[in-house]
Structure formats: C-alpha cells, structure tokens
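Hi,

Here is the structure I promised to pass on. Have a look at it first, and my notes on what turned up follow below.

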Amino acid sequence: MQDQENQELSPQGNGAAPQQADAATAASANEAAQASAGQAGVPPTADTSVQSELEAQLSATEAKLAEMHDAFMRAKADAENIRRRAQEDVSKAHKFAIESFAEAMVPVRDSLEMALKVESQTVESIREGVEMTLKQLTAAFEKNRLVEVMPQAGEKLDPNKHQAVAVVPSEQEANTVVAVLQKGYMIADRLLRPAIVTAAAPK
C-alpha cells in the first residue's frame with residue numbers, strides 16, 4: 001500500500017516541476033517584454049519634444065524675418081521719397097534761382113526807361129536820375145547778397161579775392177594793395193569777380 005501511495009505521489013511531484021518552470025519562463029518573458037516596451041517608448045517622446053521646439057524656433061525666426069523685411073521695404077520707400085523730393089527741390093532751385101534778383105532788377109530798368117523818355121534834361125536832372133538808379137541797383141545787390149570786393153590801400157594782397165595786374169614801386173609793405181583799378185564782387189561766400197589791383201613791389 002505504501003508503494004501505491006508513493007506511486008500516486010510521484011506523478012504529482014513530477015508534474016509540479018514543469019508547471020513552475022513554465023511560470024518562471026513566462027514571467028521572464030513578460031518582464032523582458034515590458035522592459036522592451038519601456039525602452040521603445042522613450043525615444044519617440046523625446047523626438048516629439050525636440051521637433052516641437054525646433055518648429056517653434058523656426059516659426060519665431062520666420063516671423064522675425066518677415067518683420068525685418070517689412071521694415072527694410074518701408075525704409076527703402078522712405079529713402080526713395082526723400083531722394084525724389086531732393087531732386088525736385090534742386091530742380092526748382094535751378095529754375096528759379098534768379099527770381100529774387102530779377103524782381104529787384106525790374107525797378108532799375110523802369111528808372112532807366114523813364115529817364116530816357118524825358119526830352120529836355122539838364123546835367124543836374126541826369127545826375128539825380130543816375131544816383132537814384134544806382135541806389136536801386138545797390139539795394140538789389142544787397143538783397144541778393146551780392147557784395148563788393150573793394151580793398152583799401154595798404155591791405156594785404158589776397159589771391160582769393162584780388163588780382164594784381166601790376167607791381168609798382170611803393171613805400172608800402174611788399175605784396176600789399178596800392179590802388180584798385182576795378183572793384184570785385186562776391187555772391188555770399190563765393191567769388192564772382194576778383195578786384196583788379198596794383199600791388200607794392202618788394203623793396
């Protein structure tokens with residue numbers, strides 16, 4: 001009887017070992033699958049985060065580029081408008097440069113024409129008419145910044161304003177103005193005609 005019990009227990013003991021081995025194998029396989037699944041899931045999450053960040057940076061860069069392009073086009077348009085207005089101003093300045101001077105000279109012409117219409121004139125009346133006309137002409141010159149160049153005797157010779165046509169003996173210092181043969185003129189700071197002078201010779 002004991003042999004039978006041992007025989008009955010023996011199959012049960014032999015059957016438990018395979019079952020435990022199968023369970024251990026399944027558990028190992030499950031852990032390996034979970035580990036594999038966990039490792040496989042990490043990179044896609046990281047890649048998605050990096051991609052989102054790059055897309056955000058790209059969008060910001062494109063927006064900044066569009067803003068800079070718009071500012072550049074506005075500045076270019078402003079510069080073109082300024083250049084066009086400057087050209088128009090220069091053109092008008094060239095066209096109407098003598099307008100002020102012409103307005104001042106018209107009364108001078110009127111005075112000369114009126115003087116010629118007088119049939120009987122005396123020397124005194126002619127002189128008075130010439131003096132009046134000269135005053136009008138002088139006022140026109142002053143209004144338009146047309147200034148005389150009339151150096152005084154003994155003044156240092158200035159080659160930028162004076163033209164010496166002769167060197168004469170003189171008690172004055174050398175290279176000074178002795179006499180003015182013809183006055184010169186300047187328009188503002190620009191020489192229109194130099195004064196014609198004689199200069200003192202070196203002693």
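Phe141 is found in helix H3, which runs over residues 123–143; helices are DSSP runs of H or I with at least four residues, strands are E runs of at least two, and both are numbered from the N terminus. Before going further, a word on provenance: this is a predicted model, so local features need pLDDT of at least 70 and side-chain atom pairs count only at pLDDT 80 or more, while totals for chains, interfaces and linings use all residues. Residues are numbered from 1 along each chain as its sequence is written, and side-chain values use heavy atoms, with hydrogens and water left out.

Back to Phe141. Leaving aside neighbours within four places in sequence, Phe141 is in contact with Phe101, Leu146 and Tyr185 (contact means heavy atoms within 4.5 Å). The C-alpha atoms of Phe141 and Met105 are separated by 8.9 Å, and these two residues are 36 apart along the chain.

So what about rings? A search of the whole structure finds two aromatic pairs. For the bookkeeping, rings of Phe, Tyr and Trp (its six-membered ring) pair if their centres lie within 6.5 Å; planes under 30 degrees apart count as stacked, over 60 as edge-to-face and the rest as tilted.

Phe101 and Phe141 make a stacked pair, at 6.2 Å centre to centre with 25° between the planes. That pair links distant parts of the chain, with Phe101 in helix H2 (residues 99–117) and Phe141 in H3, 40 residues apart. Phe101 is partly exposed, at a relative accessible area of 29%, whereas Phe141 is buried, at 19%. Buried here means under 20% relative accessible area, exposed over 50%, and partly exposed in between (1.4 Å probe, protein chains only).

Phe141 and Tyr185 form an edge-to-face pair, with 5.8 Å centre to centre and 85° between the planes. This pair also links distant parts of the chain: Phe141 sits in H3 and Tyr185 in strand S4 (residues 184–187), 44 residues apart. Tyr185 is buried, with a relative accessible area of 17%. Put together, ring pairs link Phe101, Phe141 and Tyr185 into a cluster.

Next, the largest pocket. About 230 Å³ of space lies in the largest pocket, where grid points are joined across faces, edges and corners and the volume is the space filled by probe spheres set on the points.

H2 and H3 each supply at least two residues of the lining, and H3 gives the most, with six. Among the lining residues are Leu112, Met114, Ile126, Gly129 and Thr133. By class, the lining has seven nonpolar, five polar and no charged residues (Ala, Val, Leu, Ile, Met, Phe, Trp, Tyr, Cys and Pro count as nonpolar, Asp, Glu, Lys and Arg as charged, and the others, Gly among them, as polar).

Arg145 has a positive phi of about 60° although it is not a glycine; Arg145 lies in the loop between H3 and strand S1 (146–149) and is exposed, with a relative accessible area of 53%. Ala188 also has a positive phi of about 60° without being a glycine, lies in the loop between S4 and strand S5 (190–193), and is partly exposed at 29%.

Finally, the overall numbers. The protein has three helices and six strands, following the pattern α-α-α-β-β-β-β-β-β along the sequence. Of its 203 residues, 12% count as buried. Among contacts between residues at least 6 apart in sequence, 60% join residues at least 24 apart.

Cheers

Notes: 1 Å grid on protein atoms, 1.4 Å probe; cavity = no way out; pocket = protein on both sides within 12 Å on 5 of 7 lines; lining within 4 Å.
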